[in-house]
Amino acid sequence: MRIGIVLYPTFGGSGIVATELGKALSKKGHEIHFITYSEPVRLGELRKNIFYHEVRTSDYPLFKFTPYEQVLTSKLVDVVKFERLDLLHVHYAIPHASAAYMAQQILKDQGVEIPFVTTLHGTDITLVGKDPSFEPVINFSINKSNRVTAVSENLKKETFELFDIKNKIEVIPNFICLKEYKLDNNDYYKKRFAPNDEKIICHVSNFRKVKRIEDVIIAFEGISKEMDVKLLLVGDGPERARLEQISRNSKFNKNIFFLGSLKSTKEVLNISDLFILPSSKESFGLSALEAMACGVPVIASDSGGIPEVISHGVSGLLNSVGDTYQITKNALKLLTNESLLRRFKTNAYLQAKKFDIEVILPKYESLYEKCLEDYLTK
Ligand code: GMT
């Protein structure tokens, strides 16, 4: 199949899922065309059946805001026609689903038929999408999509609650390519942060408010009062400067490391003992799944789709949003009991196996086949 994948090329979970999906599909022989405004961060080396089409916007003095959606739509029309694509798969509804619908209509007018699949990732529904300035367009374009998927049962439920959806929504969870997550504890790298074999806690995100990273720091201070421990914060975003300020004022500042955005987080996860994800909302929590793929148990909020990913008391421990006392207690429970920690680490890896690409990829392939068949026979 020749598939066009529209995505955000950044470190966000939706872009990572879309890129890894395209790479995995290309390995199965599909021809993949990524369409976005810059090279996707996880793209890596280009293979013979992977193509990248850059959406280039240009400034015109009249435009206060560059009309990205129109430029994307025109690019879609162009790529679908000239690369003879069979199907478009857009990740993150805003503005990708409405651009895909518009492109579909333009192409129809020119005698070219193409269905599109929309995957809802979370904030496109729960934060941005429900805002009245987006709501009618999102609602319309979800209903006009030829197939819709959501990354968790919880996100599906919320989408039906927040919008007037007539379409079916299929749940296809986030995934990881497990065989790329070798479980090897790099001692040399570990010593850089924990020279005396201290336990390492880690958090990875795009440093937005919804991630509540301050809770990680508060819990870390509580844990540090009981034991020597290090904190690795990976990522960057609007909250970073404020969090750095909070850390600098902390008594435990020398044990907190801000590592910035990393293309690959495996090296950090492989030396970590615990991952903390205290988000107020998370449709799935891809970063938690990536941690578990490295055998790292997760302490996370009991919110959104997180309980579908982390099995409480088995591969991690869940707490109410903002309950830093419980996060501290849960972390100490695992970090101070070697055999319990070892059990949770093994379970975390076993839990991640359920979300391996080998399990998830066939779901997308069969969705594409059905979508294409329905669209062309209707
Ligand atoms: O987490 C973010 O803020 C980024 C966002 C995105 O769209 O890039 O992530 C969302 O999509 C991921 C992939 O499906 C999910 O794993 C994340 O849970 C989801 N984030 C939220 O719901 C806050």
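The shell around the ligand takes at least three residues from each of domain 1 (2-175 + 357-377) and domain 2 (178-353), with bounds that come from an automatic or database domain assignment. This is a predicted model, where local features need pLDDT of at least 70, side-chain atom pairs count only at pLDDT 80 or more, and totals for chains, interfaces and linings use all residues. Residues are numbered from 1 along each chain as its sequence is written, and side-chain values use heavy atoms, leaving out hydrogens and water.

**Around the ligand**
- Look for 18 residues surrounding the ligand, each with a heavy atom within 4 Å of it; the closest are H121, N174, K211, E282 and S283.
- By class, the shell holds four nonpolar, ten polar and four charged residues, and Gly counts as polar here.

- Of the 480 Å² of accessible area that the ligand has on its own, the protein covers 97% (Shrake-Rupley method, 1.4 Å probe).

**The two domains**
- The C-alpha centres of domain 1 and domain 2 are 31 Å apart.
- Where the domains meet, 23 residues of domain 1 are in contact with 18 residues of domain 2, contact being heavy atoms within 4.5 Å.
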